[in-house]
Amino acid sequence: MYNMFRHGLALSYSHFFGGDMPHISWGMTRFVILVGPVAIKIARFRIMWIPKRFLHFVKSREVGTKIAYQARNPRLAFNNIFAGLIANRNEYLLWQKSHRHFLVPTLYSLLGGVINIQRRGERVSAEELIAAHPFRELLAGMPSPIAYDMTKAVNFGKHEGRICLVDYGGETTGELFTK
């Protein structure tokens, strides 16, 4: 049998895309694939969220109260199940509306927001973010939950030599930067 690997004929990932192998990670709402110069963000549909929450409410004996609350606020369940899709759409729309220099560009949104393709930023350490935060003054008067997300280095990356926000799909982030 002919061994193409032994004779040096196998093509590696770098022959096709250049650079390192893709890096795959996931958060609460999206899978992220870092490949070459882009980040591909794929929405996670959290269909197990409803049964998990129901079991939690059964254990905590809050079923009646929580079901009544959900019935009065049906958008909550929708937003939790489709949070990744909503985040992708928010990022794409915010980039299209604003083109802010402190946002890493979201180039494409496919399948109604199921997949986003964004330029890739280089990792930033917490120290680098503290030293050169792109909107430190803006954070000064913000409520704690919003400000907290804006101080996590994992949400930022270095793009074109400056520190930029790479994860800006939250509703509050969109409201903040479209003013």
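At 7% relative accessibility, R30 counts as buried (buried means under 20% relative accessible area, exposed over 50% and partly exposed in between, with a 1.4 Å probe and protein chains only). The structure is a predicted model, in which local features need pLDDT of at least 70 and side-chain atom pairs count only at pLDDT 80 or more, while totals for chains, interfaces and linings use all residues. Residues are numbered from 1 along each chain as its sequence is written, and side-chain values use heavy atoms, with hydrogens and water left out.

The protein chain contains 9 helices and 7 strands; these are DSSP runs, numbered from the N terminus, with helices being H or I of at least four residues and strands being E of at least two. Of the 179 residues in the protein chain, 31% are buried. Among contacts with a separation of 6 or more, 54% come from residues 24 or more positions apart, a contact being heavy atoms within 4.5 Å.

Side chains of opposite charge can pair when their charged atoms come close. Across the whole structure, 6 salt bridges are found, each defined as a side-chain nitrogen of Lys or Arg within 4 Å of a carboxyl oxygen of Asp or Glu. One of them joins D167 to R30, with 2.8 Å between the closest N and O atoms. This pair links distant parts of the chain, since D167 lies in the loop between β7 and α9 (171-177) and R30 in strand β2 (residues 30-35), 137 residues apart. D167 is partly exposed, at a relative accessible area of 35%.

A salt bridge is also formed by the side chains of E91 and K41, at 3.1 Å from N to O. Here too, distant parts of the chain are linked: E91 belongs to helix α5 (residues 83-98) and K41 to strand β3 (residues 38-43), 50 residues apart. Both E91 and K41 are buried. A network of salt bridges links R30, K41, E91 and D167.

The side chains of D149 and K152 form a further salt bridge, at 3.5 Å from N to O. D149 is partly exposed, with a relative accessible area of 36%, and K152 is partly exposed at 28% relative accessibility.

Helix α2 (residues 49-59) packs with helix α3 (residues 63-72) at an angle of about 140°, their axes lying 8 Å apart. The axes are lines fitted to C-alpha atoms, for helices over the stretch in contact, and the angles run from 0 to 180 degrees between N-to-C directions. Helix α2 is therefore oblique to α3, as angles under 35 degrees count as roughly parallel, over 145 as roughly antiparallel, 65 to 115 as roughly perpendicular and the rest as oblique. On α2 the contact is made by W49, F54, F57 and V58, and on α3 by V63, K66, I67 and Q70. In helix α4 (residues 74-81), A77, N79 and I81 are buried. The buried residues of α4 pack against α2, α3, α5 and α9.

Strands β6 (residues 156-159) and β7 (residues 162-165) pair in the antiparallel sense over 4 bridges, where pairing requires at least two DSSP bridges between the strands. G157 stands opposite C164 in β7. The hairpin of β6 and β7 has 2 residues between the strands, and E160 there takes a positive phi near 55°.
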